[in-house]
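Hi,

Here is the structure I promised to pass on. Have a look, and my notes follow below.

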Amino acid sequence: MSESDELRNRVQQMRAKAKNLKDEAERATDPEERRRLKEKARRIESESEQVSGMASGDIYPLE
């Protein structure tokens, strides 16, 4: 498996994790827990975008 394939797999896993966290946040009854889960999902999505950029050859990480 090439490095770019590994990065793509990592991005897919990160996006799946972020979706799971968002779904869990929607089911959470505690507002603080909901906020925490949504924030964690947002951070993982942001990181996945950076990894995706590296996989596509973009050398400048998103900020």
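Among contacts between residues at least 6 apart in sequence, what share joins residues at least 24 apart? The figure is 51%, with contact meaning heavy atoms within 4.5 Å.

Before the rest: this is a predicted model, where local features need pLDDT of at least 70 and side-chain atom pairs count only at pLDDT 80 or more, while totals for chains, interfaces and linings use all residues. Residues are numbered from 1 along each chain as its sequence is written, and side-chain values use heavy atoms, with hydrogens and water left out.

The protein has two helices and zero strands (DSSP runs, H or I of at least four residues for helices and E of at least two for strands, numbered from the N terminus). Of its 63 residues, 22% are buried (under 20% relative accessible area; exposed is over 50%, partly exposed in between, 1.4 Å probe, protein chains only).

Now the salt bridges (a side-chain nitrogen of Lys or Arg within 4 Å of a carboxyl oxygen of Asp or Glu): the count is nine. One of them pairs K22 with E45, at 2.6 Å between the closest N and O atoms. That pair links distant parts of the chain, with K22 in helix α1 and E45 in helix α2, 23 residues apart. K22 is partly exposed at 37%, and E45 is also partly exposed, at 27%.

Within helix α1 (residues 3–27), R8 and D5 are about one helical turn apart because they sit three residues from each other; their side chains form a salt bridge at 2.7 Å, N to O.

Cheers
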